[in-house]
Amino acid sequence: MDTETVADVVTEVVLPGVVEPSGLEIRVRPATQPAAGEVVLALEASGVSFAEQQMRRGKYYDQPPFPFVPGYDLVGVVVRVGAGVDASLVGRRFAALTKVGGWASRVVLPVTDLVEVPGTLDPADAETVVVNGITAWQMLHRVARVRAGQTVLVHGANGGVGSTLVQLATHAGIRVIGTASPRHHDAVRALGATPVDYRASDLSARVRELAPGGVDAVFDHVGGEGIVDSFGLLARGGTLVSYGSAATRDIAGSSKLPVLKLVGRLFLWKLLPNGRRTHFYNIWAGKRRSAAFHERLRTDLGQVFALLADGAITAQVAARIPLGRAAEAMRLAESGTVTGKVILVPDPDRDAPHAQ
């Protein structure tokens, strides 16, 4: 049922194959109606994450066959519900993890996928901490279980996940060393971390100067051979959390092989009797146990939303770009010139409805 006239058509961004950002296509198609247990979300914000950058290269581990609509997460307002769904959800704002499909003006989702967004939050601000916030929170508190007073190393501290992770750690009383290019050092410092140049030949030595006994956790999205240095910087009892393979993004070949090689290396290190732990973080782990997975997601994202609403952390919005200019948004996200997350918002001539 509706409280407004729902658009009869959907505008969406299509990834047709391995293309440059300019190869992204804009498609208009008839709207899909929600089935039982589903809702229609009108897009207010969706992010450009590293996953989409890998997908356009055909390098994301389990992406669907081309063509498809990318979009790993989104924030929007419910404008229609299917049979069996509480009609009072219409007009309320929710976030959802999608993996694909989020770059569209209207998205049909199971109601179980929704996480309510506090009404005080701007949708673009909220979008910066959906996949990034869940990833950062779970790696910090569920996987590495870092405590106040400990020290961590965050690679890519100016990025979407990195900037969120720095803030969550600092808020929890954890000391943070963050790698970034020199142009981002002031921004990283403002977030609460001590910046170091990720390209420096003596990076490990610099980190050792700041943490002579090693760090209690390293959060590494880079992978590749640099993962060896990350492991070597751990203190006894420390944890290496790997959550990507950015180093192999532009290398031709299998999308799965670099990840499998990385996971295999982490597994072998885990067996060493040196008191260090390793973990490959996958946000979708446990998805088969649907009820527990969604409850954990709602709990963790709810914690992050509360911190954002209270001003304990701040949204790192690099830019707000209309959906129809997704190619521009992708180029900017890949440029390495921004701090935070590039956000896609509704096209000006297709305004999303406001949440109640």
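**Close-up views of a predicted model**

**View 1. The buried residues of α3.** In α3, the buried residues are Val131, Asn132, Gly133, Ile134, Thr135, Ala136, Trp137, Gln138, Met139, Leu140 and Val143. Buried means under 20% relative accessible area, exposed over 50%, and partly exposed in between, with a 1.4 Å probe and protein chains only. The helix is mostly covered: eleven of its 13 residues are buried. Helices (H or I, at least four residues) and strands (E, at least two) are DSSP runs, numbered from the N terminus. This is a predicted model: local features need pLDDT of at least 70, side-chain atom pairs count only at pLDDT 80 or more, and totals for chains, interfaces and linings use all residues. Residues are numbered from 1 along each chain as its sequence is written, and side-chain values use heavy atoms, with hydrogens and water left out.

**View 2. Arg145, following α3.** Arg145 comes after α3 and has a positive phi, near 50°. Its place is the loop between α3 (131-143) and β8 (151-154). Arg145 counts as exposed because its relative accessibility is 59%.

**View 3. Lys99, in a loop between two strands.** Lys99 is not a glycine, yet its phi is positive, about 70°. Most residues other than glycine have a negative phi. Lys99 sits in the loop between β5 (93-97) and β6 (106-110). Is Lys99 buried or exposed? Lys99 counts as buried, because its relative accessibility is 18%.

**View 4. The cis peptide bond at Phe66 and Pro67.** The peptide bond joining Phe66 and Pro67 is cis, with omega about -10°. Most peptide bonds are trans. Pro67 lies in the loop between α1 (50-55) and β4 (73-81).
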